[in-house]
Structure formats: structure tokens, C-alpha cells
Amino acid sequence: MPRRGRTSISRRANTTSSPIRRWSSVPIRPVPRRRSARSNCGVKPSPTIASIDAVTGQGGRRRSARLGRVRPAAAYRAVRGPSHLVAGKATMLEINNLSKSYGPVNALSDVSFTARRGKVTALLGENGAGKSTLVKALSGLIAPSSGAVLLDGRPVDLSSPEKAARSGLAVVQQEISVLSNLTVAENFMLASPSGVLRRRQAGARCRPYLDRLGLGHVPADAPVAELTIGERQLVEIARMLAQDANVLVLDEPTAALADHDIDLVHEAVRRLASENKVILYITHRLNELNEICDDVVVLRNGRLADRFETRHASINRVVQAMIGRELEELYPPRPEAGGMAAASVVELDKVTTDDLAEPFSMALRPGEIVATCGQLGSGLVEPLRAISGIVAARQGTIRFGAAGSGTASEGARIAYCSEDRQHDGFFNNRAVWESLSAPALAASGLWGFASPMRLRRSVDRIAERMTILPAYRERQVSALSGGNAQKVSIGKWLSNNPRILLLEEPTRGVDVGARAEIYAFLRKLADEGMAVLFASSDLDEVLGFGERVAIFHANRMVHQAPTDGLSRDALATWITHGGLEID
């Protein structure tokens, strides 16, 4: 007999084939394989979408067709959302005394408000007001220092993104996260709780959510790369709905969209509100308040500044709550008509690029602010890129002053700011002063060596003009708000004293206070003789800030006119239909 604790070779051979048996002389009966409530790593597994969709049965016990055994209904409620959130019931999201501190800095301080079901609640504030911190707390990415979040009077667990999602909260971030190299259905597969879902099942599962958001014309197997930006944004929202979200936080969903795509998103938001969802809508577009929002919540310096219904709102009240003071004017006054008789600093004569369908002509004079406008992909950025030399002119002539050239000449002193400031507007992980001084390196030294003293003097002059506080100049650009980051992107070119300033989407993602500062600064540059050409899909910005506008539709310039005599409706018609009235 082998001693206790040992096993004979023959016994050992019989047990190695079973992962359940252990080395022991004591006979062990096979135990049927069982799914534990917790895995070995301590993480509670979630049932697959396939098993959830196959649920049948009544009452508090449901049967999974895939597993072939009874599972309590609570396990499904953890994935499908709380059962008490019944459509038609007067429930709401309550945020009570929520605070978040990072050392001595209070990002949120005792923020309290409610968001009603069936209503769209706008969440406003300057960059750095605490909106991003609140969104991260609601999504479970950060733990609040104190306070509580209630849904229908019951506490919501925000200790992790998974638990926040199971409680019915979903956040659609500003940056679209759907993968363009996958199909719509495959993107839905990535959002399934278990990560396991067959393509055919995914296509059937995503269909009703796409239909609910007005994407009935989009096939489930369509590549995301073939969709418009607005349709991709709606696919992002639909993925959140597929997780049975009852609270949707939409972080600037229209920031990068043209008017047509904005209408698609607005229509989808109205549908979701009609389904009794709680909608928190973050935006910098104040015109959206009257279009789709019912309530307004304003944060300033991490605190609740104001809360009111949209019907009681005025632009002055909203702006004063956001910036803590009255804003006399968003757009600076324009110069008197007839004051621009100087020769053009640049003329484009019958110029065509690879992305334009036909030639266009336009001119830019000193002290003038001109806009190009159109939907995304309509060609509105082509004049800026042709002038700067980023794209080549296939035909036509570009003249800088008296000299003619097919590309941007070095003596023209051109500054160009693209719409993607994160990629090429500055050094994101370097100090602010380094980005501001980069274009001046060649002029601030001798024989290839830069003078730190000259660089800092140049930086200080630029930062003063751009109203960038001294405390911010040593920080990394990534730590700045959107408004200050855009100031760095524009201000870095001032050391070269440019004659022509080209800007794509100059105030995208910038709050109203920083917008007013940027507009005033650009107006001052124009008054000093600089020519400013900007491309924008924001109709209010074009009409309020531009003096003339060149309108693009379907990769053609279809109209040029002074903005004084142009209405918003007329501009929208030119942009969407090329000026043709559609019955």
C-alpha cells in the first residue's frame, strides 16, 4: 500500500487526464464542471449576448438556452440595467454634493443638480470648468472624493466603468471611437459585455438600434469608413444604447460635424428623449440650447454656477454664468466699409487642386478677414492649403504681391494653422514656451545656436499678446484648456511677423469666453495690416466674424459675397444645395 499522500504510477496515470483530480490516494469522484459566480481572478463574469437574447421564462427565474440551466434574474439585470427603470415612470438622475480633488486643487466642489428623464439637459462651462471631471466620474474612470449619484433614488456604483455601465450610465466621448476599418456590426461586437458575439447575431442585434437613430439606410455589414462623420457619431451612440443605457452623456457630439450631420444627431437626441432617457448634453454651440435642450446646467471653476430651464434662458445669462461677467460682444466690430483700397497680398486666378472639381478665383487684401464656408469635404479648405503650398495647384496662378508663383513663396510670410491642432499645432508633451518659440529658433541665435534669453523674451511678448498667463507658460500644452491650447497654436507664428494668417476651424472645441478673446486678437492683427483667411463650418462664426465669404459646395466654389447682406438661411441654402432652392 502506498503511504498516505502518495499515488502509485498506475493511479497517477489514470488521474492526469482529468484536470479536476489531485495527487492523492483518496478516491476522488468526478465533479461536474460548473460556472462559478466568480472566476479565479475574482472578476464576476458576464453572460454573453447570445445567452441573454435566448432568455425565456417568467418571473424571477430565467432559463439560458445556451447554458441549459436556471440563472437568477438578478444576473441579467446586472447587464441589462436596473429593472426599476421603467419607461413612463418619472425618474431622474440626481447628483448630490459631488466633489473631486487632486491634492490642493478642487476640480469639482459640491456640485448638485438633477437631470429629468425624457428631457435634454445641457451641461455648459468654459474649458476647465469641471465638465470633463464630472463626465469621468459618471463613467467610472475616476472615483469622486465625496458625494453620491442617484438614479430613481437608488445609489449608482461608480467605482469602475463596468459597474457604471451596469447601472445604466453610458458616455459618448467627443472623439469618435468607432473603428473605421471594421463594419458597423463588428463595432457592435466590440461593445458586447462578454466580447463574444457571432457576426450574424451582431447584425441582427444592432439593426433595431440603428433604426431608432435614423440609420435604417445603413447596412450592418457596411464598413464604417464609408459612413459620414455624422453617421459614425450615431453608430457610437447606438453602441451605447445596445448596452441598455438609461442615462446618456453626450460630450460635444456635434463639435466636428457640418450642419447636415448636426441635424442627424439632433434628430437622434430627440428620439432618445422621447423614449424617456436621461440625456446630459455637453456643447459649446449656444444655438443648440433652443434647438434641442430643455434644461441648462452651468459649471464655473468646478462649482455649480447656475441652473434654469431653456425657456428662461438668454445668451447673456448663459455667458455671464459661464465666465462670471457680462460679455459685451462676442464678435468685435468691423471696420467701416470702403477702408480697404490696398493692393491684394495674394490673388488666386483660376486655380484648381486635385480635390476641386473646377477652378476658382479669389483675392485677399491687407487688414481683411475672409471666410471660406461649406460642409466637411466640400473643398472649403482648398484655398488655404493652396496658398500655403500644402497642396499643389494643378492649374492657374497664385500671385503674392507683385510676384507670380504656382506655390507659396518664401517672401510672402505665411502662417498656417490646421484644424488638427493636437497633431501639428504644438508639442503636446512639452512646455508652452517651447511651442511658442519653435518658429523663432532660427532668428534667435547665431551659427545654429539659439539664445535662451532671446527666446524667452520672444515668448513673453507673444504670451502677453495672447493673454496666456505666466503660470501657464511652464506647463505642458496637454494640461491646458482647449482655448489656451488654440492660443498657443496661433500665437507661435507671431514671432515671424506673417503677412497672411490662414486658419482652419479657428474656434472648434473652444468655449465662448476664449472665443471672444481669439476673435478680438485676430481682429487686432487685421487692423495692424495682416490678411486673415479662415475656413469654418460654423455658420454663426462665418456671418459674425467674417467680412466676406467664399462658399463651397460639392468641391466647387459656388458663391462669393459680403457677409453683411447674407442671412443664415441663405448661407445654409448655398452650402447644402449650391444655392438652388429645394421644394
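Start by selecting Leu-124: setting aside residues up to four places away in sequence, Leu-124 touches Lys-131, Thr-283, Leu-286, Leu-289, Val-296, Val-297, Val-298, Leu-299, Val-318 and Met-322. Contact here means heavy atoms within 4.5 Å. This is a predicted model, where local features need pLDDT of at least 70, side-chain atom pairs count only at pLDDT 80 or more, and totals for chains, interfaces and linings use all residues. Residues are numbered from 1 along each chain as its sequence is written, and side-chain values use heavy atoms, with hydrogens and water left out.

With Leu-124, they touch the most other members of the largest nonpolar core, which has 53 residues. Such a core is a set of buried Ala, Val, Leu, Ile, Met, Phe, Trp, Tyr and Cys residues joined through side-chain atoms within 4.5 Å. Buried means under 20% relative accessible area, exposed over 50%, and partly exposed in between (1.4 Å probe, protein chains only). Apart from this core lies another, of 41 residues, including Val-488, Ala-514, Leu-522 and Leu-525.

Next, select helix 11, residues 315-323. Helices (H or I, at least four residues) and strands (E, at least two) are DSSP runs, numbered from the N terminus. Val-318, Val-319, Ala-321, Met-322 and Ile-323 are the buried residues of helix 11. They pack against strand 5 (120-124), helix 10 (288-292), strand 11 (295-300), strand 12 (303-309) and helix 17. Gly-324 follows helix 11, and its phi is positive, near 80°.

Move on to Leu-330, in the loop between helix 11 and strand 13 (346-352). Leu-330 is partly exposed, with a relative accessible area of 24%. Now show Tyr-519: 189 residues separate it from Leu-330 in sequence, but the C-alpha atoms are 7.8 Å apart. Beyond its neighbours within four places in sequence, Leu-330 contacts Val-512, Arg-515, Ala-516 and Tyr-519.

Select helix 16, residues 482-491. Ten of its ten residues are buried, so helix 16 is largely enclosed by the rest of the structure. Its buried residues pack against strand 18 (414-417), helix 13 (421-424), helix 14 (432-437), helix 15 (452-465), strand 21 (500-504) and helix 17 (512-527).

Finish with helix 7 (residues 199-212) and helix 8 (residues 229-241). Their axes come within 9 Å and cross at roughly 120°. Tyr-209, Leu-210 and Arg-212 of helix 7 make the contact with Val-235, Ala-238 and Leu-241 of helix 8. Axes are lines fitted to C-alpha atoms, for helices over the stretch in contact, and angles run from 0 to 180 degrees between N-to-C directions.
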